[in-house]
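Biologist: I would like to learn how to read helix packing and an annotated site in a model. Please take them in that order.

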Amino acid sequence: MPAPGENLRINGARLWDSLMDMAKIGPGIAGGNNRQTLTDEDAEGRALFQSWCEAAGMTMGLDQMGNMFARREGTDPDALPVYVGSHLDTQPTGGKYDGVLGVLGGLEVIRTLNDLNIQTKHPIVVVNWTNEEGTRFAPAMLASGVFAGKHTQDWAYDRVDAAGKSFGDELNRIGWRGDEVVGDRKMHAMFELHIEQGPILEAEGKDIGVVTHGQGLRWVECTVTGKESHTGSTPMHMRKNAGRGLALVTELVHEIAMKNQPGAVGAIGHVDVYPNSRNIIPGKVVFTIDFRTHLLDKLNGMYDELMARAPGMCEEIGVEFSAEIVGQFDPPAFDEGCVGAVRDAAERLGYSHMDIVSGAGHDACWINDVAPTAMIMCPCVDGLSHNEAEEISPEWAAAGTDVLFHAVVETAEIVG
């Protein structure tokens, strides 16, 4: 299929202005954003995105999970659409670019096609996936997971936030529940542009990350049970300190991850200590381990070693260990044809690039199971993300969106 000419570029200034305008909705307290899913701020951001899409001549579809699909028609009414997008929701202390760059980069692809009066055989659809972050309603990538058949819609609707409000009720409340059956859409391909959320591209001095794989993930919720007792009056040899179990498992997780280098990570991120009083020895600790790698055998081996060693380590100090997997997906390998289109676009445009594995989960990881999919990454300063200090440069944003434009348009096939 013919590729766009190397002189074709998106309007970087317009893209940057759109990013800054969206960032005005749900501002954080330290320069970032708090636009959590299904909040009033999320609804306002959605409305702004829809207004921009309609101004660009697109029609908006909305499914029963609140996923938004803005469509630019192709010349062949029977051709499956090429999808492009990411998410508009943020962490409570999120940045201005995580997810948003992928959605507004997709919009900029359409605006540039309009500017240049270019038609494509395949329609192009810009998508905003609901609740990618999973910070308010767990798990992450919830709506794309329903789309890909990983979760049922009823199960997703029943997810509750910290205040006990359900996903389904909040989706209705903000007025963004559509009628379209989730997952009925068929895709020719999907592309997702994203900031790296890691330090590799900046450290290597590369403009573009060509994402070949996503990391698989195992979230393991662990409980160490001991016995609450007074910190001052309980002799050391008579203690059943659940906090010690946490300490031992923390070091074990680090050891397991280091044994599986390169390309594997592991850490404990969430900890609840009971009763969490300064003069009571913890009687119970509940914590979640996050293991990730792009190699399935290695991922399973890390979990197996944890379960083989942690119970005995805890038993030796008089406490009990139990665990269950509360989140998981196997490592996705992105479509070779779509990955090739991204790599060829970077080459054609003269951008430095390297193959990279996504260290974070993304909607593309689920969609990869139902359609040919690829991701493009641009650097972010110091690899910082999920933080209000998250930052990228206008040049990085433009380069990533240039590559996105070329990969999407080549896949959608220029007419004429």
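**Helix packing and a listed site**

Modeller: H3 and H12 are oblique to each other, where angles under 35 degrees count as roughly parallel, over 145 as roughly antiparallel, 65 to 115 as roughly perpendicular and the rest as oblique. Helices (H or I, at least four residues) and strands (E, at least two) are DSSP runs, numbered from the N terminus. This is a predicted model, in which local features need pLDDT of at least 70 and side-chain atom pairs pLDDT 80 or more, while totals for chains, interfaces and linings use all residues. Residues are numbered from 1 along each chain as its sequence is written, and side-chain values use heavy atoms, without hydrogens and water.

Biologist: At what angle do H3 and H12 pack, and how far apart are their axes?

Modeller: Two packed helices are described by the angle between their axes and the distance between the axes. Here H3 and H12 (residues 394-412) pack at about 60°, with axes 9 Å apart. Axes are lines fitted to C-alpha atoms, for helices over the stretch in contact, and angles run from 0 to 180 degrees between N-to-C directions.

Biologist: Which residues does UniProt list for "binding site"?

Modeller: The unreviewed entry lists Asp 98, Glu 133 and His 386; such annotations may be inferred rather than shown by experiment. They span 289 residues in sequence, yet no two of their C-alpha atoms are more than 9.6 Å apart, so they gather at one spot.

Biologist: Is Asp 98 buried or exposed?

Modeller: Buried means under 20% relative accessible area, exposed over 50%, partly exposed in between (1.4 Å probe, protein chains only). Asp 98 has 4% relative accessibility and counts as buried; Glu 133, at 9%, is also buried.
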